[in-house]
Amino acid sequence: MRAELVYTAASTNRYFQAASISSKGLVAFGSSRVIALWDSEDKLDRGVHETLPGHEGVVSCVSFSSDDSFVSADDKGWSLYATHQAHKSGIASISAYGKYIITGASDSTVKVWSFSASEAGALHEVQALPLRRGFPLSLALTNIPGEEAFLLAVGSTDRNIHLWISSEDTFVQAAVLSGHEDWVRSLAFRPPSKDGDPLILASGSQDANIRLWTIEPFTKPTLSSSGGSSSEVTDELLDAFEASLVNLEDTDDGGRQISLKRHVLTVKVPQKSSRLFSVTFDALLVGHEAGVTSLSWRPHSSTTDPPTLLSTSTDSSLILWSPSTVLASSTDGTTLWINRQRFGDIGGQRLGGFVGGLWARDGSDTMAWGWNGGWRRWRCKSPVDDRETNLEEWTEIGAITGHRAPVRSIAWSSQGEYLISASLDQTTRIHGALPTETLDESSVRIWHEIARPQVHGYDLIGAAFLDPLRFVSIADEKVTRVFEAPREFVEVVNNLGVANIDPGEENRPRAAAVPPLGLSNKALTDVSAVAQVGGDVDDVRTHRRPFEGELAAVTLWPEIEKVFGHGYESIALAVSHNKEYIATACKATSAEHAVVRVYETQTWQPVGQPLAGHNLTVTQIAFSPDDSLILSVSRDRTWRLFEKSEEDGYVPIAAGRSHGRIIWDCAWAPEGDIFATASRDKTVKIWRRQDVADHISRRTLAVGLESGEIHLYASSRDKPSEWSCALTIDTQYVKSSNYPARRPTHPCRSLAHVDHIHRLAWRPTGDHNIQQLASCGEDGTLKLLTVHIAGAE
């Protein structure tokens, strides 16, 4: 028996440095407590292909030090080859360049580390740089052009940029750049593309402005006679006068401010006494309406291309800036920076906006992740003529998505066409497999999120399909809600080849929308109303998978029914296999409310009396395969079995109290002759009637643990009452019955979760030897595995 990863849905953490990209297009980003790896240049667009465990806190920073290694940080430590406790409090920013790694934390210190890629775990603290005021929010490290010295920029909550210079393995504070009116959230250096170009530092702040600073060799100006009038005073003359007032030929590292716009840095040179560099404020970029969250320079494609700066903001916009030369007079040229492109949402209606942005494909793609953890991506189609005079043509393409909070429930549609997930991020999402053509012209199915039918105001607890076009969901509220697919979802599924579904009734609503201050999705039938929500041509949108910006706006399903009955918040949901009944339970501390209520799905009326017997909250409900029995488990450590009666719904027939702790879950075998219960007492127990003979078929039982591991148990053909562990999926290696016990060549780091698993669900398929298992957990990820069962027989 073996398993392989098919699909991972993971969101990106809400930190502007939570993602980094290598020159080969590999994106590493923090998703809760794991590092997710995404090949952004994958031709098949398979999304996240691996997750790396190891962190104990939420990942806040990721930075590539080379194409094959990166360093990551969280609120408890950071690691590269090994884990080190770097600061006493959470790390807010990290920068890796050359032999140095710089970390800044909320303990008001910036630490300098050196590492050797040839020696695993060879990490050494070089220096601790104390900040007199504020906390470091952003870091940027680079080489000073033409020298072996390093220049470190630190953005702080004191609204200043602190520059430090290192020429002999010791950093010395050189200058403080002021001008921003709020916290400096992001910094980015642009090395010179050719000789003679200056080093450029871009700084972004919560004051919504971006400042550009140029660093170049300083030449001491001289006062010379001018042919003009003596009353004309230029900036050059003032700079020369100010420079003459101080002695610039100091031998120590450091710097000083000689004017309001220029600073001089002194760098030690081995052959010479020192060399001077000037730092000049060059430009102020105004265009964002809210705080700037990240900055990134476009990779050098050629020496003739103008520099391009990518900026993201909480106003939900992504802007590309580049210079445009405008001659102010016949003898004086001034460089102005202009807004070349603007992406995102007009008016900033998306909550939280963009958190961070990156360049990909050597500057041909721009990518940004938002407050909800999903990515948006745009691709450039360069103009035929010179880039200086022609605007580039950019189009949005698909990216990756995922829940930003623990995923509490997953369920397959009746024929396994697609999968629905419900999360504490207050959304339900539908995931489907799209046929994708490979390089050899064959077709493979690649999984993506294809709809977000419910964006709620309460944390969602569970969801289950009634049929391919209807589902029911429960949230942290007393109401059970029923949804029906709009016409646009049917067209998307059919056009993309996810499934072949008959749309049924002709008067199906076109789409849905949530009214202001409302919780119920209302149907939209008017074409103008749908266009106002969607903002795109319907025919174009239904022939491609929806983008992150569209999922929450145009893929909603109309709500068609509300079901009431419980006195407290819902906690468990089950749908019968014939889709005629649903069963629900709510939070309870007494027998009065610890009941299971059964409803008929045509009229949504109660079926019989509530199923009583438990004393505390019912944690899970399961219908038997023939729907003749209902199984419930509870916090009171008992399970109860109810049988369908012709007169009065379901009636109790059996109960058990053999577990020593709370029972979390239960499941029926496909044959319906046995069921399993899982408890906090670390046991899974199998139950069957005494008058039922052992079934001859081979069974496979999947068990998810609090550690995030998944154990697959199998029963043999000759002894079906005995179970053995056939496959263990943990955070380190696969331990399989087909391989030696200590075989390190089967890493399984990408398959397991890092926190307790909430739900497991086998896909309804006809092939017994190859099954697909979906899992979701507290770490916020959803994973789909293909399990090859035939190998264990």
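**View 1. Strands S14 and S15 are joined by seven bridges.** In this predicted model, S14 and strand S15 (residues 150-156) run antiparallel. Strands of a sheet pair through backbone hydrogen bonds, in either a parallel or an antiparallel arrangement.

**View 2. Four strands form an open sheet.** The strand order is S14-S15-S16-S17, and the pairing is antiparallel. Strand S14 (136-143) and strand S17 (171-177) are the edge strands, each pairing on one side only. Ignoring direction, neighbouring strands of this sheet are turned by 20 degrees against each other on average. In a regular strand, side chains alternate between the two faces of the sheet.

**View 3. Strands S47 and S48 make a hairpin with five residues between the strands.** Strand S47 covers residues 639-644 and strand S48 covers residues 650-656. The two strands pair in the antiparallel sense over six bridges. Trp-639 in the pair stands opposite Gly-656 in S48. In this hairpin, Gly-649 takes a positive phi near 60 degrees.

View 4. Of its 793 residues, 54% are buried. The protein exposes about 34900 Å², and carbon and sulfur atoms supply 48% of this area. Among contacts with a separation of 6 or more, 50% are between residues 24 or more positions apart.

Conventions: Residues are numbered from 1 along each chain as its sequence is written. This is a predicted model: local features need pLDDT of at least 70, side-chain atom pairs count only at pLDDT 80 or more; totals for chains, interfaces and linings use all residues. Side-chain values use heavy atoms; hydrogens and water are left out. Two strands pair if DSSP finds at least two bridges between them. Axes are lines fitted to C-alpha atoms, for helices over the stretch in contact, and angles run from 0 to 180 degrees between N-to-C directions. Buried means under 20% relative accessible area, exposed over 50%, partly exposed in between (1.4 Å probe, protein chains only). Contact means heavy atoms within 4.5 Å. Accessible areas come from the Shrake-Rupley method with a 1.4 Å probe; for residues, only the protein chains shown count as cover.
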